[in-house]
Amino acid sequence: GLNFIDLMVRQGNIDNPPKTPLVPGFECSGIVEALGDSVKGFEIGDRVMAFVNYNAWAEVVCTPVEFVYKIPDDMNFSEAAAFPMNFVTAYMMLFEVANLREGMSVLVHSAGGGVGQAVAQLCSTIPNVTVFGTASSFKHEAIKNSVTHLFDRNADYVQEVKRISADGVDIVLDCLCGENTGKGLSLLKPLGTYILYGSSNMVTGETKSFFSFAKSWWQVEKVNPIKLYEENKVIAGFSLLNLLFKQNRGGLIKGVMDKLLNLYNSKKIKPVVDSLWALEEVKEAMQRIHDRGNIGKLILDVEKAPTPLMANDSTETSEAGEEEEDHEGDNDNKERMPFIQ
């Protein structure tokens with residue numbers, strides 16, 4: 001699986017990244033080739049998906065058994081590689097942190113991405129949940145049926161939400177950070193929950209930008225605990241990778257995966273795969289995520305041969321800043337890969 005966090009790792013926008021050389025990646029699917037001496041419940045030849053603390057973008061991966069799960073019979077390897085990070089993150093935020101219940105409302109940014117689509121699907125399993133989503137305008141046609149109300153990512157979504165729901169929303173899921181933190185808090189109803197689970201606004205160019213980092217940091221509204229108390233609002237953070245690999249909550253995540261696989265087997269949820277890429281095409285695949293061009297999850301397939309470049313294609317790496325991203329989706333070159341429909 002290719003996730004936005006992988007771009008942040010590459011740029012050094014995370015705390016204490018491993019020293020290079022390293023193999024990136026945090027989730028994968030494949031076939032069991034070997035077992036540790038004390039491993040129970042798995043056999044050589046089993047189809048599995050797994051969390052990995054780096055090194056997932058490899059032909060052979062080793063990870064502790066507590067992070068490994070059997071793939072349902074009717075789930076293919078691409079869907080399995082798209083499943084763990086997105087759906088566990090979405091489930092944990094909605095049900096473990098924010099306690100989503102019938103009749104609530106949710107605002108999710110990047111509604112066309114892997115987590116955004118997982119959030120929309122999980123919300124649909126609870127009666128009468130209203131989902132507000134923001135996404136680039138060129139994605140709207142493809143995802144319009146997955147959310148209740150869809151707004152352009154560059155529009156004034158605060159006013160749009162309040163026009164529809166004057167009191168705001170019960171849950172805000174923010175993967176952007178920066179100025180969106182204050183906007184999200186302002187939209188919360190009393191007893192509402194704001195959850196920060198990413199900071200993609202810090203990634204605006206090909207390399208780490210101190211300006212982008214500083215701008216995003218300064219735009220974050222400084223939270224006053226007294227104000228939270230007076231307004232009855234909850235602010236939270238969520239990091240699945242820290243929960244798994246630093247805080248040793250693999251058992252909790254296994255319980256969540258069991259629930260998610262039951263939902264999958266009941267045909268209530270299904271991972272959305274945007275496209276498949278050969279390992280040699282990781283640069284172009286990362287560019288597609290950088291440009292916010294994907295709908296659902298990008299997958300690196302170790303058995304896939306690189307797709308020949310088309311005559312009008314460019315592999316030049318974008319140095320796009322925020323102004324250039326406003327026009328994302330206009331460039332046909334983003335569509336050079338054969339996408340999964």
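A residue counts as buried when its relative accessible area is under 20%, and as exposed when that area is over 50%. This tour applies these terms to a predicted model, in which a search of the whole structure finds 11 salt bridges. Side chains of opposite charge can pair when their charged atoms come close.

**First stop.** Select Glu 79 and Lys 270, whose side chains meet in a salt bridge with an N to O distance of 2.5 Å. Glu 79 lies in helix α2, whereas Lys 270 belongs to the loop between α11 and β10; the two are 191 residues apart, and the pair links distant parts of the chain. Is Glu 79 buried or exposed? Its relative accessibility is 8%, so Glu 79 counts as buried. Lys 270, at 44%, counts as partly exposed.

**Second stop.** Next, select Lys 267 and Asp 74. These residues form a salt bridge, with their closest N and O atoms 3.5 Å apart. Lys 267 is in the loop between α11 (250-265) and β10 (273-277), while Asp 74 is in the loop between β3 (68-70) and α2 (77-82), and 193 residues separate them. Lys 267 is exposed because its relative accessible area is 66%; Asp 74, with 47%, is partly exposed.

**Third stop.** Finally, select Lys 254 and Asp 258, another salt bridge, in which the closest N and O atoms are 3.5 Å apart. Both residues lie in helix α11; they are 4 residues apart, so about one helical turn separates them. Lys 254 is partly exposed at 42% relative accessibility, and Asp 258 is partly exposed at 36%.

Terms used: Residues are numbered from 1 along each chain as its sequence is written. This is a predicted model: local features need pLDDT of at least 70, side-chain atom pairs count only at pLDDT 80 or more; totals for chains, interfaces and linings use all residues. Side-chain values use heavy atoms; hydrogens and water are left out. A salt bridge is a side-chain nitrogen of Lys or Arg within 4 Å of a carboxyl oxygen of Asp or Glu. Buried means under 20% relative accessible area, exposed over 50%, partly exposed in between (1.4 Å probe, protein chains only).
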